[in-house]
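Please walk through this model from its helices to its loops. Keep the sequence and the 3D view open side by side.

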Amino acid sequence: MPFFAAVPAQALRPFRQLDRPLEVIRQFTPNWFAVTMGTGVLALALAAFPWRLPGLPALAEGLWLLAVLLFGLFAGLYAARWLLFFDEAREIFAHATVSMSIGTIPMGLATLINGLLLFGLPRWGAAVLPLALGLWWLDVAMALACGVLIPYLMFTRQAHRIDQMTAVWLLPVVAAEVAAASGSLLVPHLAAGEHFTVLVASYVLWAYSVPVALSLLVILLLRLALHRLPPASMAASSWLALGPIATGALGLLVLGSAAPAVFAAHGLAGIGEIARGLGLLGALLLWGLGLWWLALAVLVTQRQAREGMPFNLGWWGFTFPLGVYALATLRLGEALAAPFFTGLGAALVVLLALLWLLVASRTLAGAYRGGLFVSPCIAHLCKKVR
């Protein structure tokens, strides 16, 4: 008898853990956009891998295209939730945890914009630049809104306690610095009038985000010292602290790289050279701070893995921060001509790929069964009604 004949048909049915297929839309939350963040940053990291391996460029581009498709799918599902279940969808703004994941939408889009420059330009030519610029300004608008409106809701509508704080507080704030790094990659491809505007805007976005994120990290340290580790279900959140530090370092590097030519074209050559030097020095300092958080995240993960870490979409928090840190490390290797950074960056890319395989396979299985489609916002609404 074939093996599949002994398997109950119910066990093979997709979304079997949901009451009905429509629950995929009803239970859909922005947490899913973290999948596009992790997939997109892996594509960028593989493209930046210091040694050219056969098939690696094609694999990187394929992952970017996958991220594009996933972003479109998730955007459609989330838009459908607002159309079909408006009253439940708007409860996200009152939820103290899920509301933070709104920041994953602009951050996921930023990885696609970076990939459009990296993979789209060689394939389709300069025709993609207006699209990339338009998407970047859309990304900027979303990042600016997330960065201030979500904290405002924290202050006015949501209930928070220091002992319940996790690094997910960083998600809406970090979106602006991710847009800053993306903008600086766009600058060299723009015309004279546009590149100055985008460069200045990117510096503003960096300042809009990084100091606030570092302030939150101070609070997070206090919370960990006073109340110990978060629950095992939030174990991957310990890696999120690496995200703003790594993105801040990468942003300074790419901004500093683009600044000399742009400022020189506007009669500010001296400022451009200062920006290059400060970018390199600042990135190196932030990289060192990131090394401390990376070591801490590894220790925390080892401890919580021994105690049991239930899988959830939060596991994608392992990928994006590590990916950006790997990119910053490789950039430092180029800027300093330092083999140490290049070798370490390559090792981090390999680790990122292994983590992505683990998390992606478990996500695919969980999505097929339907168990990952859970909206805490609905549970919050039910409790409030009772």
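Helices are DSSP runs of H or I with at least four residues, strands are runs of E with at least two, and both are numbered from the N terminus. This is a predicted model, in which local features need pLDDT of at least 70, side-chain atom pairs count only at pLDDT 80 or more, and totals for chains, interfaces and linings use all residues. Residues are numbered from 1 along each chain as its sequence is written, and side-chain values use heavy atoms, with hydrogens and water left out.

Start with helix packing. Two packed helices are described by the angle between their axes and the distance between the axes. Here axes are lines fitted to C-alpha atoms, for helices over the stretch in contact, and angles run from 0 to 180 degrees between N-to-C directions.

Take helix α6 (residues 104-124) and helix α7 (residues 129-156). Their axes come within 9 Å and cross at roughly 160°. That makes α6 roughly antiparallel to α7. Angles over 145 degrees count as roughly antiparallel, under 35 as roughly parallel, 65 to 115 as roughly perpendicular, and the rest as oblique. The crossing of α6 past α7 is left-handed: the near helix is turned anticlockwise from the far one by less than a right angle, whereas clockwise would be right-handed.

Which residues in α6 and α7 meet? From α6 they include Ile105, Leu109, Ile113 and Leu117, and from α7 they include Leu131, Leu135, Asp139 and Met142. Contact means heavy atoms within 4.5 Å. By class, the α6 contact with α7 has 18 nonpolar residues, no polar ones and one charged. Ala, Val, Leu, Ile, Met, Phe, Trp, Tyr, Cys and Pro count as nonpolar, Asp, Glu, Lys and Arg as charged, and the others, Gly among them, as polar.

Now turn to helix α8 (residues 171-186) and α10. The two axes come within 8 Å and cross at roughly 25°. That makes α8 roughly parallel to α10. α8 also passes α10 in a left-handed crossing. On the α8 side the contact includes Val174, Glu177, Val178 and Ala181; on the α10 side, Gly248, Gly251, Val254 and Leu255 are among them. The residues of this α8 contact with α10 divide into nine nonpolar, four polar and one charged.

Next comes helix α9 (residues 192-227). It has 36 residues and reaches 52 Å from its first C-alpha to its last, close to the 52 Å expected at 1.5 Å a residue. The expected span is 1.5 Å times one less than the number of residues.

Arg228 follows α9 and lies in the loop between α9 and α10 (242-264). Most residues other than glycine have a negative phi. Phi of Arg228 is positive, near 65°. Arg228 counts as exposed, at 60% relative accessibility. Exposed means over 50% relative accessible area, buried under 20%, and partly exposed in between (1.4 Å probe, protein chains only).

Ala337, in the loop between α12 and α13, has a positive phi too, near 50°. With a relative accessible area of 64%, Ala337 is exposed.

Not counting residues up to four places away in sequence, Thr329 touches Trp287, Phe341, Leu344, Gly345 and Leu348.

Finish at Gly371, in the loop between α13 (339-369) and α14 (376-385). Gly371 is partly exposed, with a relative accessible area of 31%. Beyond four places away in sequence, Gly371 touches Gln17 and Gly366.
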